[in-house]
Each structure stands twice: as C-alpha cells, then as structure tokens.
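Take a short walk through this model.

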Amino acid sequence: TFDLIGLGALRGFKTDQPLDYVCGCSILIRRKVFEKIGFLEPTFFLFWEEADFCMRAKKAGFGIEICYEALLLHKVSASFVGGTPHKTYFWWRGRCLWMERNCSKEEKERLYQTVVRPELRHILKLRLLKSLQFFLGRLFNRKNLSQKRSKLLQYRAAREGYRDFRKSSLGSGPPWLFPGSLPKENNNLKHSVKIP
C-alpha cells in the first residue's frame, strides 16, 4: 500500500518525510541512475514500474526528492481504455510482481499471509455474492445492472491479474479487458516466478 504524502495539500506544501516512490507522470531521472540500475522493468507493463525503479534506485544509494516549485497537470487514467477492470487487473498483477522483485522471502510470506490471500478471499466471496445478486436482479429487478456488472468485472480482473502473475503471463493482459479496442492476440511476456 502507499501513503500519499501531500495528497490534497495546497500550494506551498513541504515535507521532511523520506520518500520511497515518485509517480512516473512527474518523475525526472538523472542519466547516471539509468547507467547504474538500468531502465524501468517492462514486465510490469502498467502500474508499479516506477515504484520498482525507485526502490532499485534507493538500494543503489540514490535519493528521491520533490521539486516543490513544479506544477503538474495530469490527465489521470487516460490510457485505461477498459476502465476500472483494466486498472484493477494491472494493479494486482504489478503488485505481486513488485513483491516478487523487491521483498525478501520472509517479507513475501508475511505479505501473502496478511494482505494478499485475505484480500483475494474477500474478493472471491464478494464475487460469488454479487454474481447471485446480478442474476436475481436480471430476473426480477433490472435496475443498476450495468453498475453490478462493472463490479463483477473488477472482481474478475483482480483474480485474473493475480492468476496471470502466478502463470508468468505478463503482457498486455487478457483481451476481454479491451472491449473492441485491441486485436485479439495477446503478446504475453514470460518470466519465471517463485511464489511462497
């Protein structure tokens, strides 16, 4: 999880808290960082790649700073053609890949035990309940079905993001995330992953 320092702060905000991560939409990187640690890891595809890069930079002895005078206008989520399920899928897949690349065996075991598995169980439970609710809604109510369907797609996206990480299927994601916007082929990258 992330603690977003300065979220909603007014201009003139300053902090002395150490930073672990800077969002990629607003990051400037010195050439010597790339020369020492390499580029952003492409297997992330979307989400978590800059968190991974910042972690590697910190481990290599580089600092992470804020330019308080900068003003950033960012069209958030403009690249997510599939909406919330698209984001959910890549967030889950990238989160697990980030843990695999940046956590010790003990940290991974603790995170899977206390965070990942409980969240996945909760998502599965919600998906089953919401599926029943959607089915009954189609039979009797027919109100808010598009909202209910959207929620079901989010639960599916979380599960499939985790599943594709486990299967080492890392690429543009499953075709159903891109309704009518991408070709059916899915150019997945493969990598080897050891899951606790």
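**Cysteines, a loop and a helix**

Cys-25 is partly exposed, with a relative accessible area of 32%. Keep in mind that this is a predicted model. Is Cys-25 in a disulfide or in no disulfide? The structure holds 0 disulfides. Cys-25 is accordingly in none, and its nearest cysteine sulfur belongs to Cys-23, 3.4 Å away.

Now move to the loop between α1 (31–37) and α2 (49–59), where Phe-45 is found. Phe-47 has its place in the loop between α1 and α2 as well. Look at the backbone here. Most residues other than glycine have a negative phi. Phe-45 has a positive phi of about 65°, although it is not a glycine. Phe-47 also has a positive phi, near 70°, and is a residue other than glycine.

How much of these side chains can be reached? Phe-45 counts as partly exposed, at 41% relative accessibility. Phe-47 is partly exposed too, with a relative accessible area of 25%.

End in helix α5, which covers residues 145–166 and includes Glu-160. Is Glu-160 buried or exposed? Its relative accessible area is 5%, so Glu-160 is buried, the cut-off being under 20%. Which residues does Glu-160 contact, leaving aside its neighbours within four places in sequence? They are Tyr-89, Pro-174 and Trp-176.

Conventions. Residues numbered from 1 in each chain as written. Predicted model: local features only at pLDDT ≥ 70, side-chain atom pairs only at ≥ 80, totals over all residues. Heavy atoms only, no water. Helix = DSSP H or I, 4+ residues; strand = E, 2+ residues; numbered from the N terminus. Buried < 20%, exposed > 50% of the residue type's maximum accessible area, 1.4 Å probe, protein only. Disulfide = S-S within 2.5 Å. Contact = heavy atoms within 4.5 Å.
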